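User: I've got a model open and would like to talk it through with you. Can we go question by question?

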Amino acid sequence: MVKLIRSKCIGSQDELAAELAQHGYEVTQATLSRDLKMLKTTKVPTDRGTYVYTLPDSDTLKDKLLARGRIKASPNFQSGFLSLTFSGNLVVIKTRNGYASGIAYDIDMHRFPEILGTIPGSDTIFAVLAEGVTHEQAEKVLAQVLPLEMDS
């Protein structure tokens, strides 16, 4: 199951069951639900408006490149972004429903020293700024992931 989730874009339990059946494994929906929960999978939005399962310890090339800062997520990839607001050392990022976890994941994978971490909900992300980071500094690094309008 892990190999299938990492190698294919699987967006539903039905799709996963069909893939497993092609490999000779007949499983029930209850078994899939239990196993997906045990593996701590999440569904994240894609740039095509669909969702796919992902694993928390995903070892994909894109994850590695994002973490090392070698690639940037394009603004179109994050089309679910709506707004960004600061409150003290917190950043409140509003997204379309269902997009928060995917966007928070991309922010975390960049490992910006200015951002200690994110907490996503369904349509809101709380990001915590490191001590002494200004709102302008945070906005500058977040512009690498989010389609922000930056003043020159």
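User: Let's start with Glu19. Which residues is Glu19 in contact with, leaving aside its neighbours within four places in sequence?

Analyst: Keep in mind that this is a predicted model. Glu19 lies in helix 2. Leaving aside neighbours within four places in sequence, the contacts of Glu19 are Leu4, Lys8 and Ile10.

User: Is Glu19 buried or exposed?

Analyst: The cut-off for buried is under 20% relative accessible area. Glu19 comes out at 17%, so the label is buried.

User: What do the side chains of Lys8 and Glu19 form, and what is the N to O distance?

Analyst: Lys8 sits in the loop between helix 1 (2-7) and helix 2 (13-22), while Glu19 is in helix 2, so the pair links distant parts of the chain, 11 residues apart. Lys8 is partly exposed at 37% relative accessibility, whereas Glu19 is buried. Their side chains meet in a salt bridge, with an N to O distance of 3.7 Å.

User: How many salt bridges does the structure hold, and which residue does Arg34 pair with?

Analyst: The structure holds 2 salt bridges. Arg34 is exposed, with a relative accessible area of 53%, and its closest N and O atoms to the partner are 3.3 Å apart. The partner is buried at 17%, and it is Asp35.

User: At roughly what angle do the axes of helix 2 and helix 3 cross, and what is the arrangement called?

Analyst: Two packed helices are described by the angle between their axes and the distance between the axes. Here the axes of helix 2 and helix 3 (residues 29-38) come within 10 Å and cross at roughly 105°. Angles of 65 to 115 degrees count as roughly perpendicular, and helix 2 and helix 3 are therefore roughly perpendicular.

User: Which residues make the contact of helix 2 with helix 3, and how do they divide into nonpolar, polar and charged?

Analyst: Helix 2 brings Gln13, Leu16, Ala17 and Leu20, and helix 3 brings Gln29, Leu32, Ser33 and Leu36. Those residues divide into 5 nonpolar, 3 polar and no charged.

User: Why is helix 5 described as largely enclosed by the rest of the structure, and which of its residues are buried?

Analyst: It's a matter of counting: 8 of the 11 residues of helix 5 are buried, so helix 5 is largely enclosed by the rest of the structure. Just after helix 5, Arg111 takes a positive phi of about 50°. The buried residues of helix 5 are Ala100, Gly102, Ile103, Ala104, Asp106, Ile107, Met109 and His110.

User: Why do the buried residues of helix 6 line one face, and what covers them?

Analyst: The buried residues of helix 6 (residues 135-142) are Ala138, Val141 and Leu142. Seen down the helix axis, they fall within an arc of 100°, so they line one face. On the other side of helix 6, Glu136 and Lys140 are exposed. What covers the buried residues includes strand 3 (81-87), strand 4 (90-95), helix 5 (100-110), strand 5 (115-120) and strand 6 (124-129).

User: Zooming out, in what order do the elements run, and what share of the residues is buried?

Analyst: The protein has 6 helices and 6 strands, running α-α-α-β-β-α-β-β-α-β-β-α from the N terminus on. Among contacts between residues at least 6 apart in sequence, 51% join residues at least 24 apart. Of the 152 residues in the protein, the buried share is 36%.

Note on methods:
Residues are numbered from 1 along each chain as its sequence is written. This is a predicted model: local features need pLDDT of at least 70, side-chain atom pairs count only at pLDDT 80 or more; totals for chains, interfaces and linings use all residues. Side-chain values use heavy atoms; hydrogens and water are left out. A salt bridge is a side-chain nitrogen of Lys or Arg within 4 Å of a carboxyl oxygen of Asp or Glu. Helices (H or I, at least four residues) and strands (E, at least two) are DSSP runs, numbered from the N terminus. Buried means under 20% relative accessible area, exposed over 50%, partly exposed in between (1.4 Å probe, protein chains only). The arc is that of the directions from the helix axis to the C-beta atoms. Contact means heavy atoms within 4.5 Å. Axes are lines fitted to C-alpha atoms, for helices over the stretch in contact, and angles run from 0 to 180 degrees between N-to-C directions. Angles under 35 degrees count as roughly parallel, over 145 as roughly antiparallel, 65 to 115 as roughly perpendicular and the rest as oblique. Ala, Val, Leu, Ile, Met, Phe, Trp, Tyr, Cys and Pro count as nonpolar, Asp, Glu, Lys and Arg as charged, and the others, Gly among them, as polar.
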